[in-house]
Amino acid sequence: MIGKQKLIAHLKKALAYSKADDTEIVFIGSESGLTRYANSAIHQNVFENNCKIYVRTAVGKKVGVASTNSLNAQSLRKTIDNSLEIAQNQPDNPLYIGLAKPAKYKSMKTFDAGTAKFTPRDRAKVVKKIISVADKKNFTLAGAFATSSGEIAIVNSNGVKAYQPTTSASINMIAMSDTSSGYAAALSRRVNDIDFDMLANRAVDKCEMSLNPISIEPGTYEIILEPAAAASLLEWMNYIGMGSKSFQEKTSFLAGKIGKKVTSEMISIYDNSLDEKSIGFPFDFEGVPKKKVNIIQKGIAKGVVYDRMSGPKDKKKSTGHALTPNESNEGALGLNLVISPGKAKRDKMIEKVKKGILITRFHYINGFIDTPNAVMTGMTRDGTFLIEKGNIKGGIKNLRFTDAMLRAFATTVAISRETELVESWWDAVGCIKAPTIHLKKFKFTGKTEF
């Protein structure tokens, strides 16, 4: 960790060197440790201390971006020169409206000293303990446990000075037998908030419950989506339809539907990086303060997120959702999506299923099949169960689903009051918070032999 004063001063010194009309420097640094385990033994420890520094310069409306991973003054000047040379050789970008102006940011506690100090030995002790839970059932355990600390800083030639220290901890574990597997995972800013024993018992219980799975035929079933499964669907829905670029290019399932009912009124989805229990921070990668944005509210499509370049096209201001400068042409994207909780209890939700399927998680999802209708396909994994007359009867072999998500979420029966934080593609700068969801109809189109 470099610290706010020293880091900002160093970046401002580099900024003063630039000869461009506009210059922006984005610093993302981290110290991260990762412990991987398989067959109930640690097989790899990784530690990385690295940073990514993006320089965006503009000459008029010609914009260039270059990057480095060195804070050395000479390297920063070389990167600024490269960015300027790229800008000078670019065509005008009609969407470029200059850099952000200084703003006030919400004060957020995103750093935990206990997580930052967590050592490889500390991680090994946790892994040893959770493996002992699997040993009691003669199951093996595999997964990964990561802890990290970092800092994000943004300065620009308009006077923006944004800084935020961060920490995160995440673990996933898969208990395995000869015929079954069970999954559990957790994510938090604070490693000591993670209940490792509970997670290990959850993974082991799922593995035991799904021993000797039976095969069932594909078809339309009631389903109970646990948080990891619901989050993976939302992650794809966000990517293909909740950002400004897909919305403006009309490939989004929300295009032309703002103000219209698109799901059950029980479904509300929003992005909120200002929740200290998420993995968000108070500004985006342009230095614009983040705002809470309703995407779908009580089933009604409300809008998408914007950055400074994409907002004016729809006569909108930035909502504080710009990506890093190297991805600024990809439009804005929500990095901390939330599915609002309901009032139900998970066990009561299962009791109301006459014949259906409980899904722990999905993998290999493809969301590019028909994005205007949010059609996706993917596989169940690590804990798929048959429910009959309100009781979990046992494990079933994995199934492939192919369905339109808006249609599926239009059949929502109940949502749990409890939610879980689920790791997303956006790693240390994002996550998804999801509840357990009961859908009346969900289409499975294939089955496996495992």
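Analyst: We'll take two residues in turn, starting with a word on the model. This is a predicted model, where local features need pLDDT of at least 70, side-chain atom pairs count only at pLDDT 80 or more, and totals for chains, interfaces and linings use all residues. Residues are numbered from 1 along each chain as its sequence is written, and side-chain values use heavy atoms, with hydrogens and water left out.

User: Where does E423 lie?

Analyst: Strands are DSSP runs of E, at least two residues, numbered from the N terminus. E423 sits in strand β16, residues 412-423.

User: Is E423 buried, exposed or in between?

Analyst: Buried means under 20% relative accessible area, exposed over 50%, and partly exposed in between (1.4 Å probe, protein chains only). E423 is at 37%, so it counts as partly exposed.

User: Which residues does E423 contact, leaving aside neighbours within four places in sequence?

Analyst: Contact means heavy atoms within 4.5 Å. On that basis, E423 touches S170 and L187. A polar contact is a pair of N or O atoms within 3.5 Å; within protein, one must be able to donate a hydrogen and the other to accept it, and residues adjacent in sequence count only if both atoms are side-chain atoms. The E423 and S170 side chains make one at 3.3 Å.

User: And why does S180 count as buried?

Analyst: Because its relative accessibility is 9%. S180 is in the loop between β5 (161-176) and β6 (181-188). Its side chain makes a 2.7 Å polar contact with that of S177, and also reaches the backbone oxygen of C207 at 2.7 Å.

Note on methods. Helix = DSSP H or I, 4+ residues; strand = E, 2+ residues; numbered from the N terminus.
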